[in-house]
Amino acid sequence: MKKYLVIGNPINHSQSPQLHNFWIKKNNIKAVFEKQKLESSDLKNLFLKIKNKEIEGANVTIPFKNEVISYLDELSHEAEETRSVNTIYLKDKKIIGHNTDIDGFSSAIQDTKFNVNGKKIFIIGAGGVVPSIIFSLMKMNASNIMITNRTIAKVKKLKEIFVNLTICEWGEIPQFDMIINATSVGLNNNEEINLDLSKIENEKFFYDVIYNPKETNFLKNAKSMGNRVENGKRMFIHQAAAAFKIWHGIQPEINDEVLKVLDQ
Ligand code: ATR
């Protein structure tokens, strides 16, 4: 039985096992997908197990997306550009790190039919998934990518990688077509970002990377003001599907049944 893992800390919230095990079963693959909470000091041992094929592949989540890089033999172009790895696999005895968050985000936005080309995008937050979102928005030809974060030093770091970013002070709300909540605020019900978004004209596109809960206050408020909203569920599913394709060589189906798996 082949074994796959998602690693992170915390890891309890991760729905990757539900999703991957559902697709594994659907496609009659002899494998199992588990989640594992790790400390940094456990990484070395994990990579030994991958090298020995005790573990066939792994997804990586917060806070290890950057830290795992030093254990890898090779990075894909996307992982290299974002310094962020969410999918690990073995190829010709080399451990490769790839980033499927980028395609996950692009595919999710394509599903919504929102055309990023020429649009002004405002990102709130500078955590683990943000480099992938920026890279994806650049590939989709956003005209301007603006970013703010409570801790300004983190956006300054991002600007070292993505030199065209426009940094906004925390509290400054620029003109935009699409706004993305990439902070962890909203993961716990009733949390609210302390930014005043009430003066934004309606008919903007509000996107929240969070998908559990389904509707954060960020989306709830935006909707009540007449904006278009979308949560991160499809991004999560698309990044998982891309990882599944790498590991098993099969493009898994994304349909209503799959969407329901995550509601359980
Ligand atoms: P990590 O920072 O370890 O990558 P993350 O969950 O990917 O973790 O990122 C958390 C993001 O949510 C960060 O942008 C964080 O802002 P700071 O860099 O200032 O910590 C943001 N965040 C978390 N709690 C917040 C809060 N109460 N208000 C505003 N931003 C918050």
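The loop between β3 and β4 holds Pro63, where helices (H or I, at least four residues) and strands (E, at least two) are DSSP runs numbered from the N terminus. Ile62 and Pro63 are joined by a cis peptide bond, with omega about 5°. The model is a predicted one, in which local features need pLDDT of at least 70 and side-chain atom pairs count only at pLDDT 80 or more, while totals for chains, interfaces and linings use all residues. Residues are numbered from 1 along each chain as its sequence is written, and side-chain values use heavy atoms, with hydrogens and water left out.

Asp73 also belongs to the loop between β3 (57-60) and β4 (74-75). Its partner in a salt bridge (a side-chain nitrogen of Lys or Arg within 4 Å of a carboxyl oxygen of Asp or Glu) is Lys51, with 2.8 Å between the closest N and O atoms. Lys51 is part of helix α2 (residues 43-51), and the pair, 22 residues apart, links distant parts of the chain. In total, the structure contains twelve salt bridges.

Two further loops deserve a look. A cis peptide bond runs from Asn212 to Pro213, with omega near 10°, and Pro213 is located in the loop between β11 (205-208) and α7 (217-224). Lys93, in the loop between β5 (87-91) and β6 (94-98), is a residue other than glycine with a positive phi, near 65°.

Turning to the ligand, 13 residues surround it, and Gly128, Asn149, Arg150, Thr151 and Lys154 are the closest; a residue counts as near if one of its heavy atoms lies within 4 Å. This shell is made up of four nonpolar, seven polar and two charged residues, with Ala, Val, Leu, Ile, Met, Phe, Trp, Tyr, Cys and Pro taken as nonpolar, Asp, Glu, Lys and Arg as charged, and the others, Gly among them, as polar.

A polar backbone atom of Ala126 lies 2.9 Å from a ligand oxygen, and for a backbone N or O atom of Gly128 the distance is 2.8 Å. On the side chain of Asn149, an N or O atom is 2.7 Å from an oxygen of the ligand. Of the 620 Å² of accessible area that the ligand has on its own, the protein covers 72% (Shrake-Rupley method, 1.4 Å probe).

How values were computed: Polar contact = N/O pair within 3.5 Å; in protein donor to acceptor, adjacent residues only side chain to side chain.
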